[in-house]
Structures are given as C-alpha cells and as structure tokens.
Amino acid sequence: MAEEIESAEPRHPSTGERVAGWAAVRLGRRGPGKSLLHRVFPDHWSFLLAEIALCTFVVLLLTGVFLSLYFHPSSEQTVYNGSYAPLRGRIVSEAFSSTLDISFDVRGGLLIRQVHHWSALVLAASLFANLMRAFFTGAFRKPRELNWACAFLLLILAMFAGLTGYDLPDDGLSGTGLAIVNGTILSTPIIGTYLSMFLFGGEFPGDDLVARFNTIHILIIPGLMAALFGALAFLSFRHQRPQYPGPGRTNNNITGLPFPTYAVKSAGLLAMVVGVLFVLGAVVQINPVWLYGPYHPDQVGAGAQPDWYMGVADGFLRVMPGWEINAWGHTLALDNFLPLLFGAGFFLALGLYPVLEAWVTGDHQEHHVLDRPRNRPVRTALGAAWLSVYAVGTVAWANDLIATHFHVSVNAVTWAVRVAVFVAPVIVYVAAKRVALGLQRRDREKVLHGRETGTLARLIHGEYVEVHEPLGQAQRYTLTQHEQYAPLTAVENGSGATPTRTQLLRARLSRGFYGEATQIPKPTAREYKEIADRNHR
C-alpha cells in the first residue's frame with residue numbers, strides 16, 4: 001500500500017519566534033555548566049580600556065560613599081564658620097559649606113574629593129575610548145549589538161553623572177553651568193518650562209536643586225550604571241570573546257590567557273588604576289570651589305568651562321548665532337535649541353550606527369574576529385569624521401581661553417569654528433579613507449612581493465633592485481584574513497521586480513560602503529603563486 005505524503009508549504013516564523021531567535025543569539029548560547037576556570041581571555045592592550053572603566057567605577061563608588069557621609073545636600077542658607085578664613089562669616093548654602101568642611105576640616109577629605117573628581121574624568125575617558133575601539137574594530141556586529149548598546153548607554157550615563165556631581169557643591173562655577181543648562185532646557189518648545197520647573201523645583205535656581213541632583217547622582221545613575229556593567233559582564237560570559245585577527249584565530253576558536261592568569265593581571269591593573277588616581281588626587285588640584293565662592297544667580301564668572309566630556313555641548317552653544325523666531329506671541333530661541341538638537345542627533349548617530357551598517361551590508365553572520373580599521377575604509381572614515389566634529393566642538397568650548405592666551409579675536413575663533421564644523425568632517429573623511437586604502441594597498445604589496453629589506457642587489461645585466469624578504473605564513477594569513485563584501489543590489493537578480501525607494505536607498509548606501517574605490521582587492525593564491533614562480537626563475 002502506497003503511503004500518502006502531504007506536501008506542506010514552508011512555514012514562516014511568527015513575530016514571537018523571530019524575536020525569541022534574535023534574543024537567543026544576542027544573549028549567547030553558552031550553557032551554565034561552562035566553568036569560568038576553563039575560559040580563555042584574548043590578550044590585547046585595547047581590552048584593558050573596559051577594565052580601566054570598571055576599576056574607575058569601583059573607585060567612584062567607594063569615594064562617593066565616603067563623601068556622602070559628610071555632604072549636606074541642601075540649598076538652605078547658613079553662615080560659614082569653617083577653617084577657610086577668606087569665606088568665614090559669609091552666607092552660603094549648606095551644600096557649599098559642607099563641601100568646604102570636607103576640603104579643609106575632614107581628615108583626608110580633600111584627597112577623596114579630588115580622587116572622586118579625577119575618577120569621574122577617567123571613567124568618561126575610558127568609556128569613550130573603549131566605545132571608539134569597538135566602533136573601529138567592528139566589535140558591535142552580530143551577536144554583540146546589546147554589548148554596544150550597554151557601552152553606549154554607559155558613556156551617556158557617565159556624562160550625566162559627572163554633570164550632576166559637578167553641580168552639587170553649589171559654587172560659582174557649577175552654578176554658571178547650571179544657568180546654561182537651564183537656558184537650554186527652556187529653549188525646548190512647549191515642554192521646556194515644565195521640564196525646568198520639574199528639575200529645579202520651581203523657578204531657577206529653585207530650592208530643591210541640590211537635593212534632587214544629589215538623589216540622581218548617588219542613587220539613580222550609579223544604580224543604572226551598575227546594572228549596565230553587570231549586563232556587560234553577563235553578555236561577555238555568554239558570548240565567545242572577540243579577538244583580533246592572527247594565525248590560528250577564527251570565528252570558531254579563541255586564543256589567549258587562561259582565567260587564573262587573566263585574574264591576576266586584572267588585579268594588578270586595579271591596583272595600578274587606584275594608585276594613579278590617588279596620585280592625581282594628591283598632587284594635581286582640581287575643582288577648587290573655595291576660589292569660585294558660593295553661587296549667586298546675578299553673578300557669572302569669566303572662563304567658566306565644564307569638564308571635558310560636556311565641552312562639546314558647551315562649545316556649540318558658544319558659537320551658535322543668536323537666532324530667534326517670534327511667532328504667535330512666543331519666542332523660539334534657536335541659539336539654544338539647535339545646539340541641543342544637534343548634540344542629541346550627534347550622539348544618536350553614533351549609537352545607531354551598527355543598525356545602519358547591518359542593514360547596508362545585509363550581513364547576518366556571527367563575528368568573533370575583529371576588523372583591522374584599514375580593512376573597513378568607509379567605517380573608519382565615518383568614525384574619524386565624527387571625532388573631528390567632537391574635536392571642533394571642544395575647540396569651541398575654549399574659544400575665550402584661546403583668544404586670551406594666543407592674543408587673537410574671540411570672534412575670529414568663533415567664525416573659524418563655525419566654518420570648521422562643516423569643512424573639517426569632509427576633509428577628515430576623505431583623508432582617513434585614502435589613508436586606509438593606502439594601507440590596504442601596502443598590505444597587498446607586502447603579501448605579493450614581501451617586505452622591503454633596504455638591501456640593493458645588482459642583476460646580471462646591470463640593473464639595481466631592492467631585495468624583498470617573503471613574509472611568513474602567519475603574516476600573510478593576518479593580512480588576508482578579513483572578508484570583503486560585495487555591494488547589494490536593489491532587487492534580486494532576475495526577479496524583474498521594480499525596486500522601491502527603500503531598496504534603491506539601501507543599494508546606493510551599500511555601493512558607498514563596498515562599491516568601487518572603497519576597498520582594495522585581496523591578493524589571491526593564484527597571484528601569489530605566479531609572482532613566487534617568477535621570482536624563482
């Protein structure tokens with residue numbers, strides 16, 4: 001009796017199944033039985049950036065606990081009667097008075113204050129450098145999109161943690177910065193006034209400012225950052241750790257240090273980070289609030305700059321023309337609102353870049369071997385252009401100091417920045433792309449012809465040539481290990497369908513990333529064999 005076989009159409013996965021599959025890949029497939037002692041950790045100096053950030057965060061938490069025992073987060077007015085004679089008898093806020101007491105009357109208080117502030121600067125710098133390392137090496141690709149999101153959010157939270165902590169002492173410098181923040185918030189259409197009233201507890205500067213910022217600074221932001229650090233540690237344990245290209249390194253294996261050796265090195269790094277931070281706190285003065293005095297809303301000090309990580313935002317506020325729009329009885333302060341929009345879009349573009357690249361390449365494979373930046377010229381050029389905008393904003397942040405120290409007009413500096421913010425990214429993009437392509441071309445020549453030795457040889461017919469030393473197999477593997485993508489087409493070949501605008505845009509962007517003049521073809525085994533045979537004749 002013949003069996004009856006039912007033909008079924010291929011079933012498309014439901015939305016829930018697709019979401020579950022996406023989460024399973026990004027959260028990792030490593031089983032709970034995998035012992036930590038059997039893990040292998042790649043050994044490269046750039047991976048220390050994330051560890052430095054974690055070590056600095058630990059120092060911040062411990063020093064923050066110490067400071068919170070003596071700090072009074074209150075805007076209530078009091079008479080200062082502490083050890084600092086120039087301000088004795090002055091009416092100040094309790095927050096400012098307790099900050100002076102920590103600095104002059106608490107044993108070791110000034111050291112801990114300065115270590116705490118230096119730690120905040122180093123934390124932001126290490127998170128920023130680690131994010132750039134992940135960007136230029138492609139560490140954000142599948143399955144590490146969530147790792148990238150956590151690292152990006154950590155940088156944003158570190159910036160706001162520094163901003164809120166910087167404003168707690170209620171001194172003249174931080175108060176000036178808060179007045180600028182309040183002006184930017186008020187420039188937001190429709191909701192600006194409500195946001196300002198909610199944040200400051202009334203008309204600026206309000207009565208609850210220090211208390212609210214203290215809650216945000218010591219509870220909300222540290223809790224979120226601790227959760228993100230924990231999420232990164234969990235994801236790192238669940239995934240195979242990424243590694244740089246090299247002989248014997250593939251997407252299916254990992255080479256590096258065993259966990260006991262790695263743990264000892266990490267402990268040594270923690271000791272070094274703590275030591276450096278305490279040396280900085282002991283010998284390099286930072287944020288001397290007693291020189292700025294208490295904050296008064298009617299007084300603004302010259303040369304007021306925030307910490308470096310907020311400098312780009314302050315810089316674009318400084319160079320923005322004083323544009324305003326008056327309509328229907330309302331005023332839209334574009335000189336504050338446009339820099340706010342630009343800053344938000346500027347960082348959002350960095351945070352969402354992995355989504356764009358995955359869409360443009362159509363790459364759905366898992367990647368555990370990192371890219372060399374030269375092998376992704378367009379991505380490297382985009383990252384360099386982004387950094388150039390950040391650098392221009394940082395220059396604008398110090399336009400007054402540049403003018404006074406170099407005896408130039410502040411208007412000249414301002415206009416130079418206004419022009420550079422549009423010109424510099426284009427120049428840097430073109431230069432970085434050409435440098436990356438040049439390095440690719442050099443790698444190709446080294447694989448095919450060997451390394452230049454600087455030794456000249458005279459041929460039998462009198463010609464002088466430089467002797468090239470062939471590369472070893474490991475070096476050739478490292479220089480040719482990377483994948484090269486082909487640009488996507490608007491529609492599948494032979495389908496005959498009319499492409500949509502989205503498909504056309506995707507194809508155009510794909511050609512921009514991986515089309516002609518965006519990558520140098522890798523040498524093939526046939527080319528290498530032909531040149532090797534020719535040299536042996």
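## Cysteines

How far is the sulfur of C55 from the closest cysteine sulfur, and in which residue does that closest sulfur lie? In this predicted model, the sulfur of C55 is 19 Å from the closest cysteine sulfur, which belongs to C150, and this is too far for a bond.

A disulfide is a covalent bond between the sulfur atoms of two cysteines. A search of the whole structure finds zero disulfides, and for C55 the reason lies in distance, because its sulfur is 19 Å from the closest cysteine sulfur, whereas the cut-off for a disulfide is 2.5 Å. Both cysteines are buried: C55 has a relative accessible area of 8%, and C150 has one of 10%.

## Salt bridges

The model contains 11 salt bridges. One of them joins the side chains of R318 and D314, with 2.6 Å from N to O. These two residues are four apart in helix α11, which covers residues 311–319, so they are separated by about one helical turn. R318 counts as partly exposed, at 24% relative accessibility, while D314 is buried, with a relative accessible area of 9%.

A second salt bridge is formed by the side chains of D371 and R376, at 3.5 Å from N to O. D371 is buried at a relative accessible area of 6%, and R376 also counts as buried, at 3% relative accessibility. Through salt bridges that share partners, R141, E357, D371, R376 and R379 are joined into one network.

The side chains of R212 and D208 form another salt bridge, with an N to O distance of 3.9 Å. R212 is partly exposed, with a relative accessible area of 31%, and D208 is likewise partly exposed, with a value of 32%.

## Charges over rings

R212, the partner of D208 in a salt bridge, also takes part in a contact with an aromatic ring: its charged end sits over the ring of F198, 5.8 Å from the ring centre. In another contact of this kind, R418 lies over the face of W415, at 4.6 Å from the ring centre.

## Aromatic pairs

The count of aromatic pairs comes to 28. Among them is the pair of F135 and F136, which is edge-to-face, with 5.3 Å from centre to centre and 90° between the planes. F135 is buried, with a relative accessible area of 4%, and F136 is buried as well, with a relative accessible area of 16%.

Ring pairs also build a cluster, in which F128, W308, Y309, F316, F342, F346, F347, W386 and Y390 are linked.

## A nonpolar surface patch

W415, whose face lies under R418, also belongs to a nonpolar surface patch of about 570 Å², which is made by W415, V419, F422, V423 and I427. W415 is found in helix α15, which spans residues 410–449. With a relative accessible area of 53%, W415 is exposed, because the cut-off for that class is over 50%.

## Backbone features in loops

Most residues other than glycine have a negative phi, and most peptide bonds are trans. The peptide bond from K142 to P143 is cis, with omega near 10°. P143 is found in the loop between α4, residues 109–137, and α5, residues 145–166.

Positive phi values occur at D170 and at N287, neither of which is a glycine. For D170, phi is about 60°, and the residue is found in the loop between α5 and α6, the latter covering residues 172–186. D170 counts as buried, at 15% relative accessibility. For N287, phi is near 50°, and the residue lies in the loop between α9, residues 259–283, and α10, residues 289–292. N287 counts as buried too, at 10% relative accessibility.

Definitions and conventions: Residues numbered from 1 in each chain as written. Predicted model: local features only at pLDDT ≥ 70, side-chain atom pairs only at ≥ 80, totals over all residues. Heavy atoms only, no water. Patch = residues over 30% accessible without salt bridge, like charges linked within 9 Å, V, L, I, M, F, W, Y side chains within 5 Å. Areas by Shrake-Rupley, 256 points an atom, 1.4 Å probe, with all protein chains shown as cover. Salt bridge = Lys/Arg side-chain N within 4 Å of Asp/Glu carboxyl O. Buried < 20%, exposed > 50% of the residue type's maximum accessible area, 1.4 Å probe, protein only. Phe/Tyr/Trp six-rings, centres within 6.5 Å; stacked < 30°, edge-to-face > 60°. Lys NZ or Arg CZ within 6 Å of the ring centre and 35° of its normal.
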